[in-house]
Amino acid sequence: MKRFSEVCFILLFVGFLCAVPLLILLHGSKLQALYYENRALSAPPELNTQALLSGDYFSRWDGWLTDHVAGRERLLKLNTWLDYRLLDRPAVNGIVEGAGGVLFPFQAYGTWDLDYLAGDAAAICDDLAALDELVTSYGGRFYYVGLPLQNAFYYDRYPDYLENRYWHISAMTEAFAGAMADRGLAFLDLEPVLRAAQTEERPLYAASDHHFNYYGAYLAYRTVMERITADLGRDLPVLTADDLASEDLPNPFLGSRDRKLYGLWPGSEALTIGVQRDPVAFDRTDNGTPVPAQVFRLPATEAETVDYNVYMGGDVAETVLSTHRPELPDLLIFGDSFTNPLETLFYTVFDETRSLDLRYNDVSLLDYVAEHRPDVVLCVRDDTSYLSAEGNGRIR
Amino acid sequence: MVFSSMTFLFVFLPLLLAAYYLLPARARAWRNGVLLAFSLFFYAYGGPPFLLLMLLSIAVNYTGALWAAPGRRHPRAAMALTTAADLALLGWFKYAGFFFSNLARVWTGLPVPEVTLPIGISFFTFQGLSYVLDVYRGQARAQRNPLHVALYISLFPQLVAGPIVRYTTVAEEILTRRETVSDFSAGAVRFLFGLAKKMLLANQLGLMADEIFAVRPEFFTVSLTWLGAIAYTGQIYFDFSGYSDMAIGLGHMFGFHFLENFNYPYISRSVTEFWRRWHISLSTWFRDYVYIPLGGNRCSAARHIRNILVVWALTGFWHGAAWTFLAWGLYYALLLLGEKYLWGRALERLPALLRHLYALVLILLGWVLFRSESLTYAGRFISAMFGAAAGGWTDGRSLYYLLQFRWELLLAIPASLPLRDWALRRLEARDTALSGLVLTWGPKAAALGLFALSFLRLVSSSYNPFIYFRF
């Protein structure tokens, strides 16, 4: 019996040692990117003298092997299930579940020196002042629309014993708002508006995603449009609630935070879109190429998972929506992915709506504005990005 | 290369097993050749240039041992020269930066050499030294085949993080070992238990310890510092003893029988006992090659105190070129002297529970000294543990760490105790069919289950350092 057990054990052990590399060879991931981890798979390391001598060459193979293990996503999902559902750890894959099932990013403990805020705010607002000067020079208007990120919006639902960092976001917002006011720039901080309208029955932010939902987007759109129409003194065709029919997609929604948990969040929420009762016709080009005139990228079947990329099909470097109504003004909207659901609404008010995402576009914003001279320029950013000069904070 | 890596587990080890066991057992020289080739690659994996250093060390010790053998001319000089050469290599690569940076504090403008520490240099240097010294003392025969010396020093299981294997332990096995199914099976079980210690406990506790030991002193709370100390106490034990388990297990798989390196050190009832149970191969090395030659304890009290201080200062410095390591070594010297001359007898009269508590708290404080970046930080950390914490008694962060790592903290307790030995003894004593079944299949099934979990963690996590690689 002992001998038999030893032989069996050795066969299983050695079999496992051999099966993993064989499976990598035969059934290793053929994907180029890991969806749940939102990153590209590591490529085989390149052999060169420097990498060889430093030991990097061999150590990179370790990363490659880990990435290409057969069934990697299933293994990682199982590991997440162990930590999240079975062992009930507070933070799993950088995600924390707060009151009401809201998913948050885990905020590392630490301290932040706030002295830098004023300097950073001044620098970024100087750039924004340059943009404002350019826009006003030809009679246009520039607005900076500030939105709370989901974790800032629901900060009071973050577990008490963890550090929600809201004090840091508040300090950043205060420094930024002060610098904008000093330069006479139009800063529309929508946090108070959204917070006042939020109810348990009709939340404005997703619980499992870092964005607002369609209701939040619609409220933001209305609020901004009220300010624009008042400033322009024009009666623009702003969509009212009656013009839109909200529709919850039947597909399972995978929010960005839930995605980090491999969809294991026990809660549920639907992705909502606003269907225009009397649709405004338009043409669409993405990065200069005509594409179907759609503002929602809907899946083929109801079983497919949907995510925030339903709005405008996700982040695109440059999108142009033309409604061919020259009597209306033109809009340029730039910012991170918060712009996506907003674009599905704003385009109905303008003749031509241009959208830029400077994270994926090397164009000079000032040159672009000078070239197209939009009547209204909107910068849409979340409150954790106000002081960032990267991506859509790259004004000059 | 680390044992708990994809490359080792699923490329290096299967290829080595195939190359080794496809050769017939009688082709001992060829099997040794395969082991040597793979061992050299194992070392070169982390940075090929350091392989040359290890080969130089092998050459020095091989030649030195031939010259230092009894009956040769000037064996003492040969031994002294070889020892000096070994220590010079270790000194330059491990201590030059520390020495010059401290000298530069008083001698402004002195250039400080930037020397990269080759992994495992302390281990292979001490193995080489023990070989030469044993030959010089006549306790081992000088090996004429340089490949055998090379295999002894570079044998991959114990190459970079111990245990420090004495030549006399494996000399015969290099030539005439016999690999068996039982040995291979027991070795693989041991290896998988070690891997699980590393992947499931040490790495998680290490995450916690790293974060807490990065906290600025003004944010210390009493609870946080105790948690940090406990986490590191767990991490270093499961990390290092896990590695030793893997090394001993791998040795078994290839027919070698290394001596034990740990014997449940946290059940000690005194600091003296702790050092009989912790990193046994290092303690015995210093005992045999430094402490006893200095006179050991068979001398006057004053000389004994000197011997203890010298050995423990060296033990501290062996762990790293930093004042914290020296302080850690001297801290143990003082405790050992205290137990020998001051409170040892009183300690023995205390209830066992209090003695365990005494030993554990002192060990814990020792690890704080060991883990801290500086003596100042260690001082503030320890002060905070005993109430002088700027942040008060507790905070939310402590609660988070308790919740986040509660399973590892809980599991660390039974895993530090000799429960497995106790259970095996009980089962053996019962002598029933069921107990026989459990004895036969239980450890193997547990090992495979732990392997699956370790694999899952390995694929999922990127935090995988071995603490003792840097020594």
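## Two chains, one interface: a quick briefing

The contact between the two chains takes in 47 residues from chain A and 51 residues from chain B. Keep in mind that this is a predicted model. Together, chain A and chain B bury about 4,200 Å², and 73% of that sits on carbon and sulfur atoms.

**Where the chains meet**

- If you're wondering why a contact gets described by an area, the size of an interface is often given as the accessible area lost when the parts come together.
- Chain A and chain B lose about 4,200 Å² in this way.
- Three residues stand out on the chain A side: A:Phe9, A:Phe13 and A:Arg89 supply 16% of the area that chain A buries against chain B, which is more than any other three residues.
- There are polar links too, with 15 residue pairs in polar contact between chain A and chain B (both residues at pLDDT 80 or more).
- Which helices of chain A each bring at least two residues to the side that touches chain B? They are helix H1 (2–27), helix H2 (49–54), helix H3 (56–67) and helix H4 (72–86).
- H1(A) gives the most to that side of chain A, with 17 residues.
- Three salt bridges cross the interface of chain A and chain B.
- B:Arg457 and A:Asp83 form a salt bridge, and their closest N and O atoms are 2.9 Å apart.

**Chain A as a whole**

- Chain A is built with 12 helices and 15 strands.
- Its C-alpha trace spans about 90 × 50 × 45 Å along the principal axes.
- Of the 396 residues in chain A, 53% are buried.
- Look at contacts in chain A with a separation of 6 or more, and you'll find that 74% of them come from residues 24 or more positions apart.
- The accessible surface of chain A is about 17,800 Å², with 53% of it belonging to carbon and sulfur atoms.

**Salt bridges**

- A bit of background first: side chains of opposite charge can pair when their charged atoms come close.
- Over all chains, the structure holds 33 salt bridges.
- One of them joins A:Arg381 to A:Asp336, with the closest N and O atoms 3.5 Å apart.
- That pair links distant parts of the chain, 45 residues apart: A:Arg381 is in strand S15 (residues 376–382) of chain A, while A:Asp336 is in the loop between strand S13 (331–335) and helix H11 (339–346).
- Are these two partners buried or exposed? A:Arg381 has 4% relative accessibility, so it counts as buried, and A:Asp336 is buried as well, at 10%.
- A:Arg359 pairs with A:Asp357, and here the closest N and O atoms are 2.7 Å apart.
- In this pair A:Arg359 counts as partly exposed because its relative accessibility is 35%, whereas A:Asp357 is buried at 3%.
- Over on chain B, the side chains of B:Arg287 and B:Asp288 meet in a salt bridge at 2.8 Å, N to O.
- B:Arg287 is partly exposed, with a relative accessible area of 39%, but B:Asp288 is buried, at 14%.
- Back on chain A, salt bridges that share partners tie A:Asp315, A:Asp336, A:Asp357, A:Arg359 and A:Arg381 into one network.

**A nonpolar patch on chain B**

- Which residues form the nonpolar patch on the surface? They are B:Ile305, B:Leu309, B:Leu334, B:Tyr341, B:Leu342 and B:Trp343, with about 560 Å² of accessible area together.
- Helix H13 (301–319) and helix H14 (323–341) of chain B each supply at least two residues of this patch.
- Take B:Ile305 as an example: you'll find it in helix H13 of chain B.

**A closer look at B:Ser435**

- B:Ser435 lies in helix H21 (residues 433–460) of chain B.
- With 4% relative accessibility, B:Ser435 counts as buried, because buried means under 20%.
- The side chain of B:Ser435 reaches two backbone atoms: the oxygen of B:Leu427 at 3.4 Å and the nitrogen of B:Asp431 at 3.5 Å.
- Leaving out residues up to four places away in sequence, B:Ser435 touches B:Leu427 and B:Arg430.

Notes
Residues are numbered from 1 along each chain as its sequence is written. Chains are lettered from A and ligands numbered from 1 in the order in which they are written. This is a predicted model: local features need pLDDT of at least 70, side-chain atom pairs count only at pLDDT 80 or more; totals for chains, interfaces and linings use all residues. Side-chain values use heavy atoms; hydrogens and water are left out. Patches are made of residues with over 30% relative accessible area and no salt bridge: like charges are joined within 9 Å, nonpolar side chains (Val, Leu, Ile, Met, Phe, Trp, Tyr) within 5 Å. Accessible areas come from the Shrake-Rupley method with a 1.4 Å probe; for residues, only the protein chains shown count as cover. A salt bridge is a side-chain nitrogen of Lys or Arg within 4 Å of a carboxyl oxygen of Asp or Glu. Helices (H or I, at least four residues) and strands (E, at least two) are DSSP runs, numbered from the N terminus. Contact means heavy atoms within 4.5 Å. Buried area is the accessible area (1.4 Å probe) that two parts lose on being put together, summed over both. A polar contact is a pair of N or O atoms within 3.5 Å; within protein, one must be able to donate a hydrogen and the other to accept it, and residues adjacent in sequence count only if both atoms are side-chain atoms. Buried means under 20% relative accessible area, exposed over 50%, partly exposed in between (1.4 Å probe, protein chains only).
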